[in-house]
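Subject: Structure handover

Hello,

Here is the structure you will be taking over. Please open it first, then read the notes below.

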Amino acid sequence: MTRPSHQLRAVVFDVDGTLAETERDGHRRAFNLAFRDHGLPYEWGVTEYGRLLAITGGRRRLEAYLAGRGHADAATLARSVHATKTTHFLSWVHTGILIARPGVHELLRELRDREVAVAVATTGSRAWVTVLLDRLFRDIPFAAVVTGDDVTRLKPHPEAYGQAVAALGVVSEEALAVEDSPPGLQAADRAQLPCLVVTSAYHRGAQFPGAAAVLPSYLAMDLFDATVPTYLRGGVTAEALRRLHAVARSR
Ligand code: XBP
Ligand code: MG
């Protein structure tokens with residue numbers, strides 16, 4: 001039996017900035033503690049870290065920065081500092097101080113209840129990603145979790161999305177991505193997944209060409225914004241995603 005073509009069967013979520021606001025006060029501070037632990041005279045400020053986010057993947061970000069500061073052993077040093085950073089970040093994940101973005105847990109539950117599969121495609125490290133998902137969304141069965149450790153090329157390369165779609169057993173036309181950043185949108189786009197962008201703090205002013213829609217939050221909007229379709233103004237619900245996917249596929 002053939003199944004109805006191009007119905008929404010899976011939603012693939014990014015993690016950092018999309019499921020939780022992790023960057024400014026989470027990853028950035030963990031990097032700074034790791035610099036201190038390794039006796040390195042660096043401290044990334046809020047604005048500087050925002051610029052550095054253009055380099056995806058914490059270890060790559062560190063390596064590029066350290067190479068730019070003249071460290072001949074930048075790759076080895078980055079590996080070691082990043083391991084320390086991960087330990088700090090993971091300890092915060094365990095304490096439960098990181099919270100989900102408002103409205104996202106309700107959306108995940110709705111998708112689960114409608115039997116729309118949910119998955120993750122992130123450049124973050126597996127060591128903390130799986131713990132964070134378990135802490136924040138224990139009742140959500142993620143059908144696939146693709147992390148930065150599972151791919152050879154990080155976003156904006158589409159590899160993570162390609163792996164997630166393959167693991168879900170769907171075709172890209174049956175899936176939708178949710179992202180917060182320009183490299184994330186590019187990755188989804190290059191994997192041929194329509195993408196809803198829910199901007200995070202660091203990417204509010206960015207351009208998102210090709211996004212199916214761009215919203216500041218998962219919650220209902222209290223301002224009239226003619227650029228947002230009516231069916232999304234009541235918040236990002238499972239039904240709104242189904243409609244957004246249908247519209248995006250028909251373009
Ligand atoms: C997130 C990243 C990650 C995090 C840090 O981007 O690039 O590197 O900043 O996590 P996206 P790690 O949301 O597009 O996946 O240090 O574990 O890499
Ligand atoms: Mg992100």
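A polar contact here is a pair of N or O atoms within 3.5 Å; within protein, one must be able to donate a hydrogen and the other to accept it, and residues adjacent in sequence count only if both atoms are side-chain atoms. K155 makes one: a side-chain N or O atom is 3.4 Å from an oxygen atom of ligand 1.

This is a predicted model: local features need pLDDT of at least 70, side-chain atom pairs need 80 or more, and totals for chains, interfaces and linings use all residues. Residues are numbered from 1 along each chain, chains are lettered from A and ligands numbered from 1 as written, and side-chain values use heavy atoms, without hydrogens and water.

Back to ligand 1. A polar side-chain atom of S125 is 2.6 Å from one of its oxygen atoms. For E23, the distance to an oxygen atom of ligand 1 is 2.7 Å.

Next, the metal. The magnesium ion (ligand 2) is coordinated by D14 (OD), D16 (O) and D180 (OD), at 2.1 to 2.2 Å. Donors are N, O and S atoms within 2.8 Å of the metal (3.2 Å for Na, K and Ca); water is not among the atoms, so sites may look incomplete. Their spacing along the chain is D-x1-D-x163-D.

Are D16 and D180 buried or exposed? D16 counts as buried because its relative accessibility is 10%. D180 is buried too, at 4%. Buried means under 20% relative accessible area, exposed over 50%, partly exposed in between (1.4 Å probe, protein chains only).

Best wishes
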